Protein chains: 2
Amino acid sequence: MNSLSPLRPIRFSARTQDLHPSPIREILAVVDRPGMISFAGGLPSLDSFPQFNLEAMPQHMLQYGASEGEAELRLRIAEDMQSLGLQCSAEQVLILSGSQQGIDLVAKLFIDPGTPVAVEAPTYLAALQVFRFFGARFVAYDAGAPDLDTWRREKPAFAYAIPTFQNPSGRCLDASERTVLAAACDAANIPLFEDDPYRDLIYDDCERTPVCAGLQHAPWIYQGSFSKSLAPGLRLGYLVASPELMPFLTRLKQAADLHSNRVSQWLVLQQLNDPDRSQQLVELAGHYRQRRDVFEAALSRHFSDLASWQIPPGGLFFWLTLNSRIDTRQLLPKAIEAGVAFMPGEPFLPMDVEACGQLRLNFSHADAAQAERGLRILAELVREFV
Amino acid sequence: MNSLSPLRPIRFSARTQDLHPSPIREILAVVDRPGMISFAGGLPSLDSFPQFNLEAMPQHMLQYGASEGEAELRLRIAEDMQSLGLQCSAEQVLILSGSQQGIDLVAKLFIDPGTPVAVEAPTYLAALQVFRFFGARFVAYDAGAPDLDTWRREKPAFAYAIPTFQNPSGRCLDASERTVLAAACDAANIPLFEDDPYRDLIYDDCERTPVCAGLQHAPWIYQGSFSKSLAPGLRLGYLVASPELMPFLTRLKQAADLHSNRVSQWLVLQQLNDPDRSQQLVELAGHYRQRRDVFEAALSRHFSDLASWQIPPGGLFFWLTLNSRIDTRQLLPKAIEAGVAFMPGEPFLPMDVEACGQLRLNFSHADAAQAERGLRILAELVREFV
């Protein structure tokens, strides 16, 4: 709709027609209701956040800064990336105002109306929204077994992947699947955009080497976030990219917000340099592992005759496939009425589907009693609905 | 250029061809050289920044937050806007990650390739860059006397204006000019995008009522910044918009970075609620007024036979029109070699010009001795160049 009132039509951009309300926003608006049990968001535990203070911060951090980010932080991130097997220099690091910004920058860099973009099905819905907003035509693929013929025919401008604790499926690609994905990007010369916000939330031993580290010559962008491992309110993430992309990404960053918050950059650097940091991550993962296991036990009690699922080795979500292919968007209002919020599966799919019978359940937010009660209610609703 | 190597062409978006290196970035890269006298940037004084601390900040500010921003901050900003004569509610306030982000969001909302956009000539070069990147075709206008016939013929999607201490010209529209601009937007039904980052840096009495406050029915977006009046490193700004635009702007904000930094939002709110705040602004303006006057005296000593200028009643810049219409971009490398940086005038113009003979000089950064020495050197260079 290009006008809101017949008296004064406003001429919006064509892309604004693809600017739909976000299902996340609409659900998050109700999860704060008293008594609501939320399996909807991907919110970290409040008690996992550090106690920050600014006493030692130099005043010049309050001045304008570099679009690329603080030199010390970029160097520290480059070192961390190298320890993961990703060869890069500090000059290849761009600090972001959260990893959502990386999605916006990459979309601007590659997507015109009609541009083919390879995406997993399902995948992160806010990435789909942004790519769609810029006009992407989606080419669905399996990140563990991409079909080279399709890629060679469709020539996607890039492939978006969440190889580690995928959102929403929870899947973690194994070593050989990572090799296959990297080889496919190289063979078809498709830039790889690897989104990796959950890597520190690991509960079972599994391969986490960035797929970008296995590329021979395809261009690449790897991005990470401090929202899950430190605190989302700081709105800080980063990307690391192959050198030929950096001048463009840096200019796009400058055009978007000049540079990222320097107070956050300073606070995050202190945390990364804290000798207790790795122990804190172990404790954080231990806390979430326990919640996952409690949640899985409750799932088994209430959903074993209704759905199937994999136990996610990391991340924040269970991805349920119901035995009946219902439209989970229609289940949602009934669940909210009954005091339980979840994420319907359909918005995670790049193609239009009438009903996918899948839903995403966050396990990190609810405690044991809430998980038990919420899943019991949800299972009853599914039984009624089917 | 759509590929960087013949071996692996990368297919970028069409708009990436308009993604040029920013002249600001390139100049800021050299101003840190020891001994360089910089009239280039618009950096606030380091000693004007408050001493921030986080002791009283609630931990939940570290969690994900609302895309619109913190409720208390939005309310406080709406109250401030009302006191300026702009009728609005807190629901019409959107917190931004710096006002550069507002430019990105407005461009996304309105601009397709070829969309006409009304801009002043000269105007803020980073706004021109973003509008151009999204494909705008510029319709230059005089904000103090817009030509309605042109607007009716060209039908710009919106008009961008900096009515108060314009960047780079320093001009402040008087009351009748503000009335004329608002009436023109109403008559042609052109949305007004009013950018107002400098309003607190006032040195001489003048009209500063937002032009948006005078609109009868045209849609509007007014934006402000905390970069000049508090600290740019916090990367915080805001926009206030007519109600019909808010759902779109909020979704665009969410797609861009989910929400703005909550630590910054909390810190800014504490400052806005500080009873000493208005006195601090008076002192800040007094400090800059003194620098302006010292700079003007040095300008008169060295440039009276070379250029003309107005004394800016606020803001951070002198806009010099040289008696000879030289290409000031070609003057710049010689000036930098001689230890003086400034902003050439050409990038501030929406049309391609070979040589405009104008340049922007920041007066807030250099002290009296630097201003004297830098302007003396610059005047000599202009004499040689002409």
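User: Let's start in chain B. Which residue stands opposite B:Arg360 in E13(B)?

Analyst: That would be B:Met343. Keep in mind that we're looking at a predicted model. B:Met343 belongs to strand E12 (residues 343-344) of chain B, which is joined to E13(B) by 2 bridges, and the two run antiparallel.

User: Thanks! What about E10 of chain B, how does that strand pair with E13(B)?

Analyst: Strand E10 (residues 317-322) of chain B also pairs with E13(B) in the antiparallel sense, over 5 bridges. In that pairing B:Thr321 is the residue opposite B:Gln358.

User: And is strand E13 of chain B buried or exposed?

Analyst: Buried. Strand E13 (residues 358-362) of chain B has 5 of its 5 residues buried, so the rest of the structure largely encloses it.

User: Which residues sit on each of its faces?

Analyst: One side of E13(B) carries B:Gln358, B:Arg360 and B:Asn362, the other B:Leu359 and B:Leu361. They are all buried, and both faces are covered.

User: Nice. Staying with strands, in what sense do E3 and E4 of chain B pair?

Analyst: Those two are parallel: strand E3 (residues 116-120) and strand E4 (residues 137-141) of chain B pair over 5 bridges. To get from E3(B) to E4(B), the chain passes through helix H4 (residues 125-133) of chain B, and this β-α-β crossover is right-handed.

User: Which residue does B:Val117 stand opposite?

Analyst: B:Phe138, in E4(B).

User: Switching to chain A for the overall picture. How many helices and strands are there?

Analyst: Chain A has 11 helices and 13 strands. Its C-alpha trace spans about 55 × 55 × 50 Å along the principal axes.

User: How does the radius of gyration of chain A fit with a compact globule?

Analyst: They agree. For 386 residues, a compact globule would have a radius of gyration near 21 Å, and chain A has 21 Å.

User: What share of chain A is buried?

Analyst: Buried residues make up 62% of the 386 residues in chain A.

User: Where do A:Lys253 and A:Asp257 lie relative to each other?

Analyst: Both are in helix H7 (residues 246-257) of chain A, and because they are 4 residues apart there, about one helical turn separates them. A:Lys253 is buried at 0% relative accessible area, and A:Asp257 is buried too, at 1%.

User: Which residue does A:Asp293 form a salt bridge with?

Analyst: A:Arg292, with 3.1 Å from N to O between the side chains. A:Asp293 is partly exposed at 37% relative accessibility, whereas A:Arg292 is buried at 4%.

User: Last topic, loops. Where is B:Ser242?

Analyst: In chain B, B:Ser242 is in the loop between strand E8 (237-241) and helix H7 (246-257). B:Ser242 is buried, because its relative accessibility is 3% and the cut-off for buried is under 20%. Leaving aside neighbours within four places in sequence, B:Ser242 contacts B:Gln92, B:Pro219 and B:Trp220.

User: And A:Asp196, is it buried or exposed?

Analyst: A:Asp196 is buried, at 2% relative accessible area. The loop holding A:Asp196 runs between strand E6 (192-195) and strand E7 (220-225) of chain A. Beyond neighbours within four places in sequence, A:Asp196 is in contact with A:Thr164, A:Tyr222, A:Gln223 and A:Gly224.

Methods:
Residues numbered from 1 in each chain as written. Chains lettered and ligands numbered in written order. Predicted model: local features only at pLDDT ≥ 70, side-chain atom pairs only at ≥ 80, totals over all residues. Heavy atoms only, no water. Pairing = 2+ DSSP bridges. Right-handed = clockwise from strand over helix to strand, strands pointing away. Rg over C-alpha atoms; globule rule 2.2 N^0.38 Å. Buried < 20%, exposed > 50% of the residue type's maximum accessible area, 1.4 Å probe, protein only. Salt bridge = Lys/Arg side-chain N within 4 Å of Asp/Glu carboxyl O. Contact = heavy atoms within 4.5 Å.
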